[in-house]
Amino acid sequence: MLSNLLSGDLPRSRRLTAALLAILLALAFGPFLFPGVRAFSMMGMICVFIILVASYDLMLGYTHIVSFAHTMFFGIGAYGVAMAVGTWGNSFGSVLLGMAGALLLTIVLALLLGLLSLRVKAIFFALVTLAVAFAFLSLVTQLYPVTGGEDGMRVRVPRELGPAFRPLEQSLWGFSLPDFCSALVSGSATAWDDALFQVRINGRTLMYYVAFGTALLVFLFLLRVVNSPFGKVLQAIRENEFRAQALGYNTVLYRTSVVILSACLACLAGVLFALINRYVNPENTLAFELMVFILLMCVMGGMGTLYGAVVGASLFLLAQNYLQDLLKLLVTQLPPDSGLANLVGPERWLLWFGLLFVLSVYFFPAGVVGQLRRWSARRQQNNPVVEVVAKPGSQTLSS
Amino acid sequence: MPTTNHTAAPAGTPARLGASIRQFRDQHPHWFLLLGLMLAALLLMDFTTWLVLTLSGAAMGAMLFLMASGMTLTFGLMNVLNLAHGAFISLGAFAGATTLLFWLNDQAAASSLWLNLAGVLPALLFAVLVAAAIGLMFEWLVIRPVYGDHLKQILVTVGGSIILMQLIEVVWGPNEIPVPRPEAFSGAVVVAGIALEKYRLWAVALGVLVYALMTWVIERTRIGILIRAGVEDREMVEVHGYRVRLLFLGVFIAGSALAGLGGAMWAMYQELITAHMGDELMISVVVIIILGGLGSVKGCFFGAILVGLINLYVGFLEPRLAAVATVGLMVAVLMWRPQGLIPVIRV
C-alpha cells in the first residue's frame, strides 16, 4: 500500500526515511508544534518550495535540462492570482479564473521556449531561458499600472482563507516543541505544562493546510511520473540522448512536454505562494536570486531524486531563516569591525551557502539524498560482500 | 566603424534588386541586420536624434563587446560556459572605481585631460589586472575540475559567481558607490549642431581598438591560428603537440581581463556601481553571444552593437520595452538562424 502510494520509489535509506518522516510530521502538525508567526510562514514557504523545487528537479535532475525561467512561471502564477483577485474581487471564482489564465500563458510560453531552443542544443536552453526570464522580470517591473511595479501587489484572498475567518469557536491546544526542548534543557519540572499553548484556527491555518495538501499530492504525482514509462524515457534521454533517439523515441517531444509539465507545476506553486503570502512583488517571485536559490535547493538536496527536493527545500529555508541568527551569535564572540567579523556577519550567510554549494557539487554531486542512499547501500552490501569475498579467498589459501 | 560600402546594390529591375538583397542577406547576415535596424530606426525619428542615439548605442555596444568577447571565446575554445563572467565585470568595476576614488583621486578630480588620463588609464589597468588575477585563480579552483560537463559547469560557475559577488560586498561593503567621471571625459562636443557625449566617443574608440586588436591576434598571429584551430577541432591541435590547456588558460585570463576592462568602463559610464551590476549586464552578454553565434568574435562584435543600438532606439521610443526588445531581437534571430549570425561551432 505504502509502496504503491510512493510508486515503488522508496527512500532506500533508514536515515533518509527518518528525516522524511520528521519533515512530513513537522509539516502535517506544524501549526500545533511550532508557535510563532515566523515558524508558521516558514512552514508555508517550505510547502510552496517543495512543489517548486520538485518540479524543477523533473527538468534538471531527471532530464538534464537547465532552465533559468522557472521563477518566471512561478511569477506568472502568483501575479495571475493577484491580478485576478484585484480585478474581480476576492472570491474563489476569481482565484480559479486567474489560475486558469496563468496556466494558459504558462503553457504557451513554455511551448514556445521549448520549440525555440530545445531543438538546437541543450546548452542553448539555459541561455535563452536566462534572457527571456530577465525580459519578463523587466516587463513586470516596468508595467506599473498593471503589476504595481517594484511596489508589488497586495493579494486580497477569499474571506475563508484570511485571518478574519474563524471556523471553530474555541481554540485548540498545541504542544510547542521548541519550548519543550528548552524547558527540558534548563531542567524545569513543569516542562510538559510549559510547552502547552493555545492555537486559534483561522483562515490562514486553513490556507496552510491547502498548501500542505497540494504539496503532498503534487509530490506523490511527481513520484508517479518519474517512475512511469514516461519518466524512464526522460532518464534515458538524460543518460544518452542519441541512443534514446535511435531507439525510436521522439526526444524533442519528450523534452518539450517535460518543460511544459514542470512550468505548469511552478505556476501552481506561484498561485499557492500568492494566496499564502498575500503579497507579491518582483523580488519575491521573479528575481534571479530566487532562481539561484531553487538551483541550490535542488542540487544540495540531490538531483534526480524527488526526495532531494523535500530535503533541500526544508534545509535551505531553515538555513535562510535561522543561519543568520546563528551567525549573529558568532559575530558577538568576535572582535567587532574586524575582517573576520565581516566575513561571518549575518548578511554573509549566502557566501557560506555558495561555498557549501560549490563544494557539494564537487564532492557530493548526488546531494544529501544521494549520499545517504550510497552509505546505506554500501552498508547493506558490505555484509554479503564480505562473505562472498571471503569464500574464494579461503579456498585459494587452502589450495 | 567600417563604412557602409555593402549597401551599394546594383540598380536594375525590382526583381534583380530583390535577388541581390536576398543574396546580401544570406552572405552578410550581420550587416543586413545592422543596416536594417538602423534604417528602421531612422524612419521612426528625426535625423539628429537618430545620430545621437546611434552613437550612444554604438558606445554601449562597444563596452558590451569588451564584456562579451571573453565569454564567447571561452565557450568556443574550450566548450566551457562560464556564468560567473558577470562577477568579473563587477570586480573590474570595483577595482577601477577604487583606483579613481582613493588612490588617484587628485588626478581624477583635476580638470586637465592629461592628468585625467593619468588617473583613468591606471584605473583601467588595475581593473584588468585584478580581473585577470582572480580569473587565473577561478579557472584553477572552480572550472578545471569540471571540464567537459556542461551541467556541472553551469552549477559551479553560478555558485562561484555568488561567492565572488559576496566577497565584493565583504571588501567594498553592500552599498552602491558613486563613481564621478573625470572632467575631461564628461560633457559633450558639438559637431555641426549635434552634441556628442565625449565619453561615448572614447568608449567607441576603445571598443573598436580592442576589436581590431583581437581580430589581428586571431587572424594574423600564430596564437590566433592555434585558437581558431582549437575551436575547430581541439583534439587535432593536441595531437600536433600543442598544449591546448595552456592556450585556454591564456584565453580565459584574457577574457576575464576584458570583462574587468568592460566593467571599469561601464562604472564610469553609469557613474554608480553595485556588486550585482554584473548580473544585470550578464543578460545582455548572454543575448550577444547567442546572437553572434557561440564562439565567434566577429559575431560577438556585431551582436554587441546590435544590442546596444536596439536598447537605445527602443529606450527612446518606449523606455519600458527596452529589455523586451533586446530579448525579442534574440528570439527573432534564433528563429531565422538557429545557430546565430556567424556560427563557428557546429552544434
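This tour moves through a predicted model, from one whole chain to its parts and then to its partner.

**Chain B as a whole**

Along the principal axes, the C-alpha atoms of chain B fill a box of roughly 65 × 55 × 35 Å. The radius of gyration of chain B is 21 Å, which agrees with the value near 20 Å that a compact globule of 347 residues would have. Of those 347 residues, 49% count as buried. Among the contacts in chain B with a separation of 6 or more, 77% join residues 24 or more positions apart.

**Helix 11 of chain B**

Next, select residues 244–270 of chain B, which form helix 11. At 1.5 Å a residue, its 27 residues should span 39 Å, and the end C-alpha atoms are 38 Å apart, which agrees. Now extend the selection to B:Glu271, which follows helix 11 of chain B and has a positive phi, near 60°.

**A hairpin in chain B**

Move to residues 188–191 and 194–197 of chain B, which are strand 2 and strand 3. The two strands pair in the antiparallel sense over four bridges. Together they form a hairpin with two residues between them. Select B:Ala192 in the turn, where phi is positive at about 55°. Then show B:Val189, which stands opposite B:Leu196 in strand 3 of chain B.

**Where chain B touches chain A**

Display both chains. The contact between them takes 32 residues from chain B and 34 residues from chain A. On the side of chain B that touches chain A, the elements giving two or more residues are helix 7 (150–172), helix 12 (277–292) and helix 14 (322–336) of chain B. Which of these should be coloured first? Helix 7 of chain B gives the most to this side, with 13 residues. By class, the side of chain B that touches chain A has 25 nonpolar, four polar and three charged residues.

**The largest nonpolar core**

Finally, select A:Val48, A:Ile50, A:Val53, A:Val81, A:Ala131 and B:Met63. Of the 226 residues in the largest nonpolar core, these touch the most other members. Centre the view on A:Val81. Leaving aside residues up to four places away in sequence, A:Val81 touches A:Val95, A:Gly98, A:Met99, A:Val155, A:Val271, A:Ala274 and A:Leu275.

Conventions. Residues numbered from 1 in each chain as written. Chains lettered and ligands numbered in written order. Predicted model: local features only at pLDDT ≥ 70, side-chain atom pairs only at ≥ 80, totals over all residues. Contact = placed C-beta atoms within 7 Å. Nonpolar A, V, L, I, M, F, W, Y, C, P; charged D, E, K, R; others polar. Core = buried A, V, L, I, M, F, W, Y, C linked by C-beta atoms within 7 Å. Buried ≥ 20, exposed ≤ 12 C-beta atoms within 10 Å, placed from the backbone. Rg over C-alpha atoms; globule rule 2.2 N^0.38 Å. Pairing = 2+ DSSP bridges. Expected span 1.5 Å × (residues − 1).
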